[in-house]
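Hello,

Here is the structure I promised to pass on. Please have a look at it first, and then read my notes below.

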Amino acid sequence: MKNVLVTGGAGFIGSNFIHFLLEHEPECQIHNLDVLTYSGSLENLRDIEKEPRYHFIKGDICDTKNDFLVVEQNKIDTIVHFAAETHVDRSIIEPGQFMQTNIFGTYSLLEAARSYWSITKNLCRFHHISTDEVFGTLRIGEPPWTEDFPYAPNSPYSASKASSDHIVRSYGHTFGLPYTITNCSNNYGPYQFPEKLIPVIILNALEKKPLPVYGDGQQIRDWLHVQDHCEAIWTVLKKGVPGNSYNIGCGNQPTNLSIVEKICDLLDEMQPVSNSRRELIHFVKDRPGHDRRYALNSSKIQNELGWSARHGLETGLRQTVKWYMENPEWIAVIKKQIEYQT
Ligand code: NAD
């Protein structure tokens, strides 16, 4: 792992992963290929912009020729592919961009890796970041998904991610491309763009604005702290067996409503106000086709590679709420970015 290409490194998980890699891989050069869509921000990487081992390249992963040049010129031996359109609500309004980025963009990168690696025959790895949403939805009491559970994606977002997983796998089977895939559950933590549940609730609650909760709020997710996710990806890069996929989850099963209530309680404790912030909770019309429950069985990565999550939900949420409270400059820049885009 000498020259790593991170795609989508200006996004939430990608930027956390670059920070993680700089700390844990002192010898490697990190190249961040990101086109900077609405959800990407160089503000997430402001503290490391002068770091000599970090290099930013503005570019679209759908540009096949440029992908090859980036891989060739930087002698890339490891690709960690985060870049994607990621918000389910947007995939319902505008699915086309999801198909383009998530499917065609992944194909483009795979082509670049296949062409370059067939010349250099380096020890290399294409690591693809996927989601638990490819498995569909679970009823209460049904067992968590294992890696070999059949895919049944329900939204245009999850269908585009499922397609990209299949394409990655096909490049391994047909061309011998050394790949690994990880399917993770919902992430939370620092630098998450405020369109996803946890940052929306924290920012609205800080400003005493209504706290929107979809439907009855009884949807269940397996929340994973982004730093645990980064460590799991790193573990798979180091110890994972090419041709395998690994689930990454934490094993918790709170409802969305209980997460929102917990955030209110944490904020009330850290920054007391006269009325509890729970009074701001406001139920809104549910998302069409909203999956009810996700749960991952992560015993493969735990037993075979020795990874396990370090953050419990309680401590992870407390740390996350604190991070948003302590980073008003980041919030201000991201809000300006949102204003500029709308
Ligand atoms: P994000 O939306 O915060 O960031 C996506 C990044 O990709 C942005 O920086 C954006 O500019 C970049 N990007 C988008 N299109 C691009 C293109 N065509 N070329 C180059 N860059 C492009 O997303 P995230 O939450 O950090 O998610 C990262 C990955 O993890 C995605 O593949 C997503 O499907 C997966 N994932 C996320 C979660 C989660 O809870 N956030 C859960 C499971 C899986």
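**What I found**

Of the contacts in the protein with a separation of 6 or more, 83% are between residues 24 or more positions apart (contact means heavy atoms within 4.5 Å). This is a predicted model, where local features need pLDDT of at least 70, side-chain atom pairs count only at pLDDT 80 or more, and totals for chains, interfaces and linings use all residues. Residues are numbered from 1 along each chain as its sequence is written, and side-chain values use heavy atoms, leaving out hydrogens and water.

Buried residues make up 55% of the 342 in the protein, buried being under 20% relative accessible area with a 1.4 Å probe, protein chains only.

The largest nonpolar core has 28 residues, and Ile198, Leu211, Ile259, Ile263, Leu317, Tyr324 and Trp330 touch the most other members. Such a core is a set of buried Ala, Val, Leu, Ile, Met, Phe, Trp, Tyr and Cys residues joined through side-chain atoms within 4.5 Å. Several elements supply at least two residues each, among them helix 6 (197–206), strand 8 (211–214) and helix 10 (313–326). Helix 8 gives the largest share, 7 residues. Helices here are DSSP runs of H or I with at least four residues, strands are E runs of at least two, and both are numbered from the N terminus.

Leaving aside neighbours within four places in sequence, Tyr324 is in contact with residues including Gly189, Pro190, Ile202 and Trp330. A second, separate core of 23 residues includes Val6, Phe17, Phe20 and Ile48.

Enjoy exploring!

Conventions. Buried < 20%, exposed > 50% of the residue type's maximum accessible area, 1.4 Å probe, protein only.
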